[in-house]
Amino acid sequence: MAVASTYRDQHFKGSRVEQERLLGQSCTLYVGNLSFYTTEEQIHELFGKCGDIKRIIMGLDKFTRTPCGFCFVEFYLRNDAENAIRFVNGTRLDDRIVRTDWDAGFIEGRQYGRGKTGGQG
């Protein structure tokens, strides 16, 4: 089983218990430390080796709508997402070390960042 994430989305609308429950059953990953030039196709090629991807949501700068170094990868199966955390986390893509983390589930608007700065720092 993949290691539980230590990250907690500070804008999560619900209790910590509910967040933990969702993280425990999620098929969605937060992928950080991407190059601003990494494409959705590159993400799909890398993560697709772990299983069937339902969708990829690229993180965008809130103002310019250009990529800003993160994305969400949603798999159909939890086991495939666990494999992605196990095998993709810490690998190199576009000369950057990719960081993967569990996400409680994508909600529209979060492509503009999570956490206090919303990825806009």
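In helix 3, the buried residues are Arg78, Asp80, Ala81, Glu82, Asn83, Ala84, Ile85 and Val88, where buried means a relative accessible area under 20%, exposed means over 50%, and partly exposed lies in between, with a 1.4 Å probe and protein chains only. This helix is therefore mostly covered, since 8 of its 11 residues are buried. An α-helix has 3.6 residues a turn, so residues three or four places apart point the same way. After helix 3 comes Gly90, which has a positive phi near 90 degrees.

The model is a predicted one, in which local features need pLDDT of at least 70 and side-chain atom pairs count only at pLDDT 80 or more, while totals for chains, interfaces and linings use all residues. Residues are numbered from 1 along each chain as its sequence is written, and side-chain values use heavy atoms, with hydrogens and water left out.

**Confidence**

The mean pLDDT of the protein chain is 82, and 78% of its residues reach 70 or more; pLDDT is the predictor's confidence in each residue, on a scale from 0 to 100. Over residues 1-5 the pLDDT is below 50, and this stretch has 10 contacts in the model beyond near neighbours in sequence, a contact being heavy atoms within 4.5 Å. For residues 115-121 the pLDDT likewise stays under 50, and here the model has 16 contacts beyond four places in sequence.

**Overall make-up**

The protein chain contains 3 helices and 6 strands, and along the sequence these follow the pattern α-β-α-β-β-α-β-β-β. Helices (H or I, at least four residues) and strands (E, at least two) are DSSP runs, numbered from the N terminus. Of the 121 residues in the protein chain, 47% are buried. The chain exposes about 7000 Å², of which carbon and sulfur atoms supply 53%, with areas taken from the Shrake-Rupley method with a 1.4 Å probe and, for residues, only the protein chains shown counted as cover. Among the contacts in the protein chain with a separation of 6 or more, 66% come from residues 24 or more positions apart.

**The sheet and the helices across it**

An open sheet of 4 strands has the order 2-3-1-6 and antiparallel pairing, where two strands pair if DSSP finds at least two bridges between them. Strand 2 and strand 6 (99-103) stand at the edges with a single partner strand each, so one side of each is left without a neighbour in the sheet. From one strand to the next, the twist averages 25 degrees. Strand 1 (residues 28-32) and strand 3 run antiparallel and are joined by 4 bridges, and Leu29 has Val73 in strand 3 as its bridge partner.

Helix 2 (residues 40-47) lies across strand 1, strand 2, strand 3 and strand 6, and runs at about 140 degrees to strand 2. Helix 3 (residues 78-88) lies across strand 1, strand 3 and strand 6, at about 150 degrees to strand 6. For these angles, axes are lines fitted to C-alpha atoms, for helices over the stretch in contact, and the values run from 0 to 180 degrees between N-to-C directions.

**Single residues**

Thr28 is found in strand 1, and leaving aside neighbours within four places in sequence, Thr28 is in contact with Phe72, Val73, Glu74, Asp101, Trp102, Asp103, Gly105 and Phe106. The table sets out the relative accessibility of Thr28 beside that of some other residues.

| Residue | Relative accessibility | Class |
|---|---|---|
| Thr28 | 5% | buried |
| Cys68 | 12% | buried |
| Cys27 | 17% | buried |
| Asp94 | 34% | partly exposed |
| Lys62 | 42% | partly exposed |
| Asp95 | 65% | exposed |

The structure holds 0 disulfides, a disulfide being a pair of cysteine sulfur atoms within 2.5 Å.

Lys62 has its place in the loop between strand 2 (53-60) and strand 3 (67-75). Although Lys62 and Tyr112 are 50 residues apart in sequence, they are 5.3 Å apart in space, C-alpha to C-alpha.

Asp94 is in the loop between strand 4 (92-93) and strand 5 (96-97), and its phi is near 55 degrees, a positive value in a residue other than glycine. Asp95 has its place in the loop between strand 4 and strand 5, and has a positive phi of about 60 degrees although it is not a glycine.
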